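Have a look at the model first, then read on.

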Number of protein chains: 2
Amino acid sequence: MHQAFLRRAVELACENIESGGGPFGALIVKDGEIIAASGNRVTPDLDPTAHAEVSAIRLACQKLGDFQLTECTLYTSCEPCPMCLGAIYWARLKAVYFACNRFDAGKAGFDDSFIYTEIDKPTDQRQIAMRQLILDTATRPFDVWQRKIDKIRY
Amino acid sequence: MHQAFLRRAVELACENIESGGGPFGALIVKDGEIIAASGNRVTPDLDPTAHAEVSAIRLACQKLGDFQLTECTLYTSCEPCPMCLGAIYWARLKAVYFACNRFDAGKAGFDDSFIYTEIDKPTDQRQIAMRQLILDTATRPFDVWQRKIDKIRY
């Protein structure tokens, strides 16, 4: 069953190229049923975050009316990049199956490995400069959040 | 100038709590002008990927009509989580400034550090099980992609 869903994600990746997207596809399954599917829509949607996994997660959440997917499994044509990996943790998916890995993606010109390497560097040594500035108000949002009684935790 | 924009991102984070979102805010600046701003909209939008940074990146891309933000700087109330870090690399932002760091976020109950730790583990040892299955069609999407002449690279 896992093989069949994964095979469908790979087919979706191929179809997605024809409709103007990148060579990636993902789908989300709950109780043995596909509830969301997407290709990579970065260039057609002008959205660098519209990787297949992120798009499928967003669609599945809309379908279920929830911001978590704890009973769902993700099938993706390629090992998730760090952005998608983060999205998978925030969505609290149950499991992930993938066909290609990050090195296959690298050979095809997609820099997943590069971002995995950058993440481990101290913020000030990354290729995109990231700098913490000291502000007296920096932790105020967390103070307000912790005092708020009727907040929705996530 | 960096301090003033960052201060505005922190204010946005506080305002965002009042409008039902999480305690995070981000804005994107191009040529000294704010072109996009967002709070964290995970729970109101039922979208686990709607962190302030991802949402601001998506808005900025729509505004500029581009899937990259090479001339833009991101100001965010808190150090980006791995998902947002990935989004920053894919959007190719010029620089990032943040106020709080991942440890401040952790103290307020947001598991950024946990995801940073998970990323470095082998896929099969992560708390969300991630497994590569061997398919004969696995690299077909990349083969199709490489043969496609009129593709838009990203």
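## How the copies relate

Turn chain A by 180°, shift it 0.0 Å along the axis, and it lies on chain B with an RMSD of 0.0 Å (a least-squares superposition on the C-alpha atoms of residues with pLDDT of at least 70 in both copies). So what you have is a two-fold axis. Within chain A, Met83(A) has the C-alpha nearest that axis, 1.9 Å away.

The copies meet through the same surface, because 100% of chain A's interface residues are interface residues in chain B too.

## Ground rules

This is a predicted model, where local features need pLDDT of at least 70, side-chain atom pairs count only at pLDDT 80 or more, and totals for chains, interfaces and linings use all residues. Residues are numbered from 1 along each chain as its sequence is written, while chains are lettered from A and ligands numbered from 1 in the order written.

## A sheet with strands from both chains

Five strands make an open sheet, ordered S5(A)-S4(B)-S3(B)-S1(B)-S2(B), with mixed pairing. (Strands are DSSP runs of E, at least two residues, and helices are runs of H or I, at least four, numbered from the N terminus; two strands pair if DSSP finds at least two bridges between them.) At the edges sit S5 (129-132) of chain A and S2 (33-40) of chain B, each pairing on one side only. The twist averages 15° from one strand to the next.

S5(A) runs parallel to S4 (residues 95-100) of chain B, over 4 bridges. Here Arg131(A) stands opposite Tyr97(B).

## The helix on the sheet

Helix H7 (residues 140-147) of chain A packs on the sheet, touching S1 (22-30) and S3 (72-78) of chain B.

Technical notes. Axes are lines fitted to C-alpha atoms, for helices over the stretch in contact, and angles run from 0 to 180 degrees between N-to-C directions. Two residues are in contact if their C-beta atoms, placed from the backbone, lie within 7 Å.
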